[in-house]
Amino acid sequence: MEALELLGEPDGLPAFPLPAGLAGRYPGSLGFPEEWVYANFVETLDGVVALPEVPRANRLIADASDTDHFVMALLRACAHVVLVGSGTLRASPSSKWLPESVYPAAAAELAELRTALGLDPQPRLAIVTGGRSSLALPEGAAARTTVLTTRAGAERLGGELPGVEIVPVSEGDEVDVRAAVAALRERGHARILSEGGPTVFASCLRAGLIDELFLTLSPVVAGRAPVVREALGLVEGEPFLPETRVGATLRGVRRSGSHLFLRYGLG
Ligand SMILES: NC(=O)c1ccc[n+]([C@@H]2O[C@H](COP(=O)([O-])OP(=O)(O)OC[C@H]3O[C@@H](n4cnc5c(N)ncnc54)[C@H](OP(=O)(O)O)[C@@H]3O)[C@@H](O)[C@H]2O)c1
């Protein structure tokens, strides 16, 4: 992995005791309050996070950055639960949503960090879905998965997903993301890493749920031509400006080669 270099961060950020093998790779501090929602994305120079019809689009968007995988693994290792939307789940059918699965070279240190933080060996997987279509879970993940859905979705999915915790959090077609986060917290899953796509991220932003955003800026251009292919930006489905200003405060800048690793406080 190309080294991560700290270019700046304010004093006084929370700092977890990272095992030496992780601290050596991630300069500066990394830590979170007990109850926190933090999101992680990689986007191209022109703000594209997803090319839904393109095979291996995540790799193209990240420009095959090993460091981006390392940061993703580290952020997963700090979480009680990784939250995704059904769109992201379907786009990555082979993902296990575990720290070590995205960066196996640091598996031992990532496990050590979870132990030091008093976390279960594996983060839970939470899926937000209206439940109108079937879901395929990662192999062996049923017992650590919570599906956050609507009342109708719970009725529909209940018979299809044996061993999975299915929690109806709202009426209607769409999941109330505020109620979804509250349901996770009631179950003790206080520190939530949102790896949902731009639609879930937009709903969470609208609800004021996101405390921090970790954003990798990849040095490639995706381009947009809606007739040729779909390209999703960081936030989809919610218009904010001009009515609503969602502002962010820069809390960290790191660099690895030409990739920038940005950390923003929101709200
Ligand atoms: N570059 C990155 O860092 C990054 C990160 C994450 C994802 N992605 C990519 O983003 C793409 C998927 O984007 P996406 O926006 O479709 O996925 P998403 O945000 O993960 O999932 C969206 C789906 O969640 C369900 N949903 C239910 N209630 C919702 C609510 N209140 N708000 C929002 N969604 C709700 C809806 O589907 P149903 O109700 O029909 O189930 C909705 O279509 C994939 O290509 C993925 O690889 C990229």
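Leaving aside neighbours within four places in sequence, Asn58 is in contact with Val49 and Ser92. The model is predicted. Asn58 and Ser92 are 34 residues apart in sequence, yet their C-alpha atoms are 9.1 Å apart in space. Asn58 sits in helix α2, which covers residues 57-61.

Is Asn58 buried, partly exposed or exposed? Its relative accessible area is 49%. Buried means under 20% and exposed means over 50%, so this value makes Asn58 partly exposed.

One of its polar side-chain atoms lies 3.4 Å from a ligand oxygen atom.

| Residue | Part of the residue | Distance to a ligand oxygen atom |
|---|---|---|
| Asn58 | polar side-chain atom | 3.4 Å |

On its own, the ligand has 920 Å² of accessible area, and the protein covers 85% of that.

Now for the whole shell. Around the ligand there are 25 residues, and Ser86, Thr88, Thr129, Thr199 and Ser203 come nearest. By class, eleven shell residues are nonpolar, eleven are polar and three are charged.

Which helices and strands each supply at least two residues of the shell? Two are strands: β2 (36-43) and β3 (48-50). Two are helices: α4 (86-91) and α9 (198-206).

Note on methods. Residues numbered from 1 in each chain as written. Predicted model: local features only at pLDDT ≥ 70, side-chain atom pairs only at ≥ 80, totals over all residues. Heavy atoms only, no water. Near = heavy atom within 4 Å. Polar contact = N/O pair within 3.5 Å; in protein donor to acceptor, adjacent residues only side chain to side chain. Areas by Shrake-Rupley, 256 points an atom, 1.4 Å probe, with all protein chains shown as cover. Helix = DSSP H or I, 4+ residues; strand = E, 2+ residues; numbered from the N terminus. Nonpolar A, V, L, I, M, F, W, Y, C, P; charged D, E, K, R; others polar. Buried < 20%, exposed > 50% of the residue type's maximum accessible area, 1.4 Å probe, protein only. Contact = heavy atoms within 4.5 Å.
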